[in-house]
2 protein chains.
Amino acid sequence: MRPPADVGMPLEEVDTPALIIELDAFEANLTRMAQAAKAAGVRLRPHAKTHKCALIALRQIALGAVGVCCQKVSEAEALVEGGVRDVLISNEIVGERKIAHLAALAREATLAVCVDDAGNIADLDGAAARAGATLDVLVEVDVGAHRCGVAPGRPALDLAKRIDAAKALRFAGLQVYEGSAQHIRDHGERRAAIDAAVEAAGNTVTLLAEHGLACRSVTGAGTGTFRFEAASGLYNELQAGSYIFMDADYAKNRGEGGELFDDFQHSLFVYTTVMSAPAPGRAVVDAGLKASSVDSGLPTVHGMPGVTFTGASDEHGKLEFDAADIAVSLGDKLKLIPGHCDPTVNLYDWYVCVRDGRVQALWPIVARGALL
Amino acid sequence: MRPPADVGMPLEEVDTPALIIELDAFEANLTRMAQAAKAAGVRLRPHAKTHKCALIALRQIALGAVGVCCQKVSEAEALVEGGVRDVLISNEIVGERKIAHLAALAREATLAVCVDDAGNIADLDGAAARAGATLDVLVEVDVGAHRCGVAPGRPALDLAKRIDAAKALRFAGLQVYEGSAQHIRDHGERRAAIDAAVEAAGNTVTLLAEHGLACRSVTGAGTGTFRFEAASGLYNELQAGSYIFMDADYAKNRGEGGELFDDFQHSLFVYTTVMSAPAPGRAVVDAGLKASSVDSGLPTVHGMPGVTFTGASDEHGKLEFDAADIAVSLGDKLKLIPGHCDPTVNLYDWYVCVRDGRVQALWPIVARGALL
């Protein structure tokens, strides 16, 4: 797809819908997380499923990240092709075709993957051996999200032993991501969920150590909870991803004193044009379901008090106005804050990077649509 | 993105998530709608925003469709590039850059566009004149959806006169799409909504005729209501799109006797693998929010009674089982019926076309991500 802008163009001339990164806010977010990880003495391995962009991954690594995470083999392929040398697929990879691609990629870069099944370990080992590659493998432990992962304790130990005994695999530690805690609004409840995860994972680390299996990595955490994992004394690697952009959903989390979460700034916007304003009090923008994912709520309108995005159909978004004297005109361009950044980014081929009101760069979203 | 399959491969070997078209059901849907339009004596101009695929558009045209609709200039560009000669953009196009692309494209194919604003008509006329092109222009009339479009009657007449007076534009008729009626479940209520639209649009056609303005096209209708528009005596063109695939949402509509809507068969599926099944009663598939749009509800599991898709995160879908003796195994592949086809299709680069359990063709989704 052709990009919606040219470098040097004023923001107002960018075609829409377009995915805008405000570089000042974005760079401040990158720096803030890098400093937080450094101050806590833990590694940072940001999640690239958020941005799907090798150029952003390389910027994170330049600020001290040890590599990135992603969720799919095809994402890892796009990132390695773009110059990233160390990728953890923080997910299970099941299926002959996928595993063959993973093993081939492990010859080009340092690749790690997660498991929660003994048969899958055998499949990974066989494919890595055939490819002449070595894979780092982590056991995913379920600490509350009840999605993937085995129970803490003995089930994790059993899998770790199998990895350790495999010829072409290296046991690398535990994947412990408490996904269901990320959007708990209350600070105390969010902390309690991570405390429980830390206890369960800590007991597992101890059990493994008693069997001679050292966990090089205890890795996990997200933007909603990373300060708890960083201070846990157990986790040595953080996988936060959304912090670079911040979405409307994360911005609803509360801090210790009940204040809204403000560690990071909104830096990602869907830029959109008012394409219809046929009657007073009605206006439609050109960004709908195919321009902003609504799974975690509708986008919000940035910097325009009294203007609300009230509904999305495939290619349209409806605006409503709090008062009769608030209005927009045909052709006006607005910034929307997506409800959920990750699936919204996946709808675009280009980031339009803006500083001081001008397009500074166009970054390709190389892993857009990388489903396999 | 690399395709998830090779031609000739058995379905079970297709990598996942993949977007599958079952060709027998798909072709039956195409034929059924073509016959319905022919029997009613109205033109068929299927909506390509559903499929975004030039090869599908050409198949629809081969069965008698006069052309296709789409919503975006960049979609029209991709379709014309793929060989489609007649495209109606059933939407307003606002903004200098977009209009310049539209005018340029109108030199390559027959292009029509909708308007609901006088200034926009002037912009279209200027750009078409500069490009040495002629654009067909329809007035969009709002008949209940309260999205785009002017009110029936005088506001529509005023715009039609302006189009008729413009140098590089041709007045082509009325765009009358009752989008909010498509998913009214009850047959009688759905019919009543279209009856109201037909009355309002019919009065407008009469008013325009009294002023010497003939409506060559009265165009609209969707998969939920097309039989009403086809029988109205007013509409002479149908824009249904979803009928080719059928999604879970349309399948909830009811017929005259209260029966579920069964004019068309489900032909589009998200093929997915069980990637984690770490404990009894739990299973996770590799298709989440980035593989199936959930704006109109979660996908349903095809052909597996007792198995329910109960939740989606970015790259994961959770399954639940009605009884302890129902289960799936790691590596099993299932078919999901998307809640909403159009934004789901927009997540993929390839259709994997299947007949008799084998991959017969790979069709590129050329207008995937065509937002501009």
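Me: What makes helix H4 of chain A oblique to helix H5 of chain A?

Reply: In this predicted model, H4(A) (residues 96–105) and H5(A) (residues 118–131) pack at an angle of about 50°, with their axes 9 Å apart. Under 35 degrees counts as roughly parallel, over 145 as roughly antiparallel, 65 to 115 as roughly perpendicular and the rest as oblique. Therefore H4(A) is oblique to H5(A).

Me: Which residues of H4(A) and H5(A) meet?

Reply: From H4(A), Ile99(A), Leu102(A), Ala103(A) and Ala104(A) meet residues of H5(A), including Leu124(A), Ala127(A) and Asp123(A). Contact means heavy atoms within 4.5 Å. By class, this contact has 8 nonpolar, 1 polar and 1 charged residues. Ala, Leu and Ile are among those that count as nonpolar, while Asp counts as charged.

Me: Why is the pair Lys98(B) and Asp15(A) called a salt bridge?

Reply: The closest N and O atoms of Lys98(B) and Asp15(A) are 2.8 Å apart. A salt bridge needs a side-chain nitrogen of Lys or Arg within 4 Å of a carboxyl oxygen of Asp or Glu, so this pair qualifies. Between chain A and chain B the count is 14 salt bridges.

Me: How much area is buried between chain A and chain B?

Reply: About 5,500 Å², with 53% given by carbon and sulfur atoms. Buried area is the accessible area (1.4 Å probe) that two parts lose on being put together, summed over both. The contact takes 69 residues from chain A and 68 from chain B.

Residues are numbered from 1 along each chain as its sequence is written, and chains are lettered from A in the order in which they are written. Local features need pLDDT of at least 70, side-chain atom pairs count only at pLDDT 80 or more, totals for chains, interfaces and linings use all residues, and side-chain values use heavy atoms, leaving out hydrogens and water.

Definitions and conventions
Axes are lines fitted to C-alpha atoms, for helices over the stretch in contact, and angles run from 0 to 180 degrees between N-to-C directions. Helices (H or I, at least four residues) and strands (E, at least two) are DSSP runs, numbered from the N terminus.
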